[in-house]
Amino acid sequence: MKVWSRAPLLLVGLALSKFGYEATPPPMPVQRPPARVTDRKGNVEGTVLVPMYHHIGSTEKYMFRSYAHFRNDLERLYKMGFRPVTMRDYVNDKMDLPPGASPVVFTFDDSHRDQFNMLDDGTVDPKCFVGVWSDFAAKHPDFPVKATFYINANGPFGQKKWAQKKMEMLKQWGCQVGSHTMSHANLKAISADKIRQEMGKCVDLIESFGFKADSFCYPYGIKPRDMSLLTKGFTFDGRHYKHTDACLAGDQPAYSPKSKKFNPYNVARVEAYPGDHGIVYWLNRIQDGKHKPYVQPD
Ligand SMILES: [Zn+2]
């Protein structure tokens with residue numbers, strides 16, 4: 001009798017707990033894969049474009065990209081399915097790209113003021129690299145300001161009073177800051193002691209702004225005679241320093257991080273200028289199908 005009288009309650013309890021079990025978890029968010037950027041086939045052996053910028057200005061000349069041409073570089077890269085990654089993402093083969101996209105590693109050398117200039121009211125000057133790109137990124141959120149800046153001890157970016165703020169902004173955007181030595185030293189023209197000082201102090205400077213200084217850029221594209229300073233690291237002032245990668249000045253795209261030829265201390269770059277083997281030349285070749293860039297597979 002007891003068993004039968006309890007049975008309906010037990011069933012109700014089971015039904016409630018079943019209902020409760022099904023109703024409790026919040027609905028699972030639908031994980032949509034990132035939208036495909038182009039219909040190109042994946043190609044992880046393709047090359048990686050690493051453009052190198054110095055100055056920006058109204059007219060284009062040696063080391064200067066014009067405002068219009070920089071804007072055009074952004075537009076063209078975007079339309080061709082390139083998406084920005086940092087040097088760190090690239091050398092570690094951790095490029096977070098949607099399918100069909102190609103990586104582009106924007107690099108800015110020498111931490112010139114026209115790369116990142118603040119106006120007196122604390123807003124970003126629309127007429128500097130960061131300003132032009134920020135404006136573009138506001139209209140194209142999938143092409144954010146994400147670059148690697150190779151700095152010297154000149155502020156960085158020329159304005160001492162805004163240095164901290166600028167570095168905080170770069171960090172917030174996911175940009176990387178790498179070393180270009182304290183005084184843009186020719187590493188073949190100075191002693192090993194002086195090299196260690198130039199390199200070590202620049203790492204300290206970068207770290208003082210809260211960045212990891214793992215990447216290096218050879219000033220003038222000139223490597224030191226003793227490459228173990230890079231590959232094995234060095235000791236300066238009682239501390240060991242070690243860079244994970246280093247880039248050259250150059251005239252061709254860099255090897256895929258998956259390529260057997262990839263060497264992290266020999267990363268090739270292309271100059272952001274309209275001339276031979278510059279960014280325009282390589283984009284034309286890629287567009288014409290004569291050169292195969294890295295393309296993110298599904
Ligand atoms: Zn330089």
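Student: Quick one before we start: what does "buried" mean for a residue?

Tutor: Buried means under 20% relative accessible area, exposed means over 50%, and partly exposed is in between. Keep in mind that this is a predicted model.

Student: Great. Arg65 and Asp73, then: buried or exposed?

Tutor: Arg65 and Asp73 are both buried. Their side chains meet in a salt bridge, with 2.7 Å from N to O.

Student: Which residues are joined with them into one network?

Tutor: Glu60 joins in: salt bridges with shared partners link Glu60, Arg65 and Asp73 into one network.

Student: How many salt bridges does the structure hold?

Tutor: The count is 13. Side chains of opposite charge can pair when their charged atoms come close. One of the salt bridges is between Asp214 and Arg88, whose closest N and O atoms are 2.9 Å apart.

Student: Where do Asp214 and Arg88 lie?

Tutor: Asp214 is in the loop between helix 6 (192-208) and strand 9 (215-217), while Arg88 is in helix 3 (residues 87-91), so this pair ties together parts that are 126 residues apart in sequence.

Student: And why is Asp214 called buried?

Tutor: Because its relative accessible area is 8%, and the cut-off for buried is under 20%. Arg88 has 27% relative accessibility, so Arg88 counts as partly exposed.

Student: Which residue does Arg196 meet in a salt bridge?

Tutor: The partner of Arg196 is Asp193, at 2.8 Å from N to O. The two are three residues apart in helix 6, which means about one helical turn separates them. An α-helix has 3.6 residues a turn, so residues three or four places apart point the same way. As for accessibility, Arg196 is partly exposed at 23%, whereas Asp193 is exposed at 55%.

Student: Are Asp110 and His184 buried or exposed?

Tutor: Asp110 is buried, with a relative accessible area of 10%, and His184 is buried too, at 18%.

Student: Where is Asp245 found?

Tutor: Asp245 is in strand 12 (residues 245-247). With a relative accessible area of 1%, Asp245 is buried. Beyond its neighbours within four places in sequence, Asp245 is in contact with several residues, including Met87, Tyr150, Asp214 and Pro264.

Student: Which side chains have a polar contact with the side chain of Asp245?

Tutor: Ser215 is one, with a polar contact of 2.4 Å. Thr244 is another, at 2.6 Å.

Student: What about His243, where does that lie?

Tutor: His243 lies in the loop between strand 11 (239-241) and strand 12. His243 is buried as well, at 1% relative accessibility. A polar atom of the His243 side chain is 3.1 Å from the backbone oxygen of Ala213. Leaving aside neighbours within four places in sequence, the contacts of His243 include Ser179, Met199, Leu230 and Tyr265.

Student: Let's jump to helix 8. Which residues are buried there?

Tutor: In helix 8 (residues 279-287), Ile279, Trp282, Leu283 and Ile286 are buried. They cover an arc of only 100 degrees around the axis, so they are on the same side of helix 8.

Student: What do those buried residues pack against?

Tutor: They pack against strand 1 (51-53), strand 3 (64-66), helix 2 (67-79), strand 4 (82-84) and strand 13 (270-271). Just after helix 8 comes Gly289, with a positive phi of about 75 degrees.

Methods. Residues are numbered from 1 along each chain as its sequence is written. This is a predicted model: local features need pLDDT of at least 70, side-chain atom pairs count only at pLDDT 80 or more; totals for chains, interfaces and linings use all residues. Side-chain values use heavy atoms; hydrogens and water are left out. Helices (H or I, at least four residues) and strands (E, at least two) are DSSP runs, numbered from the N terminus. Buried means under 20% relative accessible area, exposed over 50%, partly exposed in between (1.4 Å probe, protein chains only). Contact means heavy atoms within 4.5 Å. A polar contact is a pair of N or O atoms within 3.5 Å; within protein, one must be able to donate a hydrogen and the other to accept it, and residues adjacent in sequence count only if both atoms are side-chain atoms. A salt bridge is a side-chain nitrogen of Lys or Arg within 4 Å of a carboxyl oxygen of Asp or Glu. The arc is that of the directions from the helix axis to the C-beta atoms.
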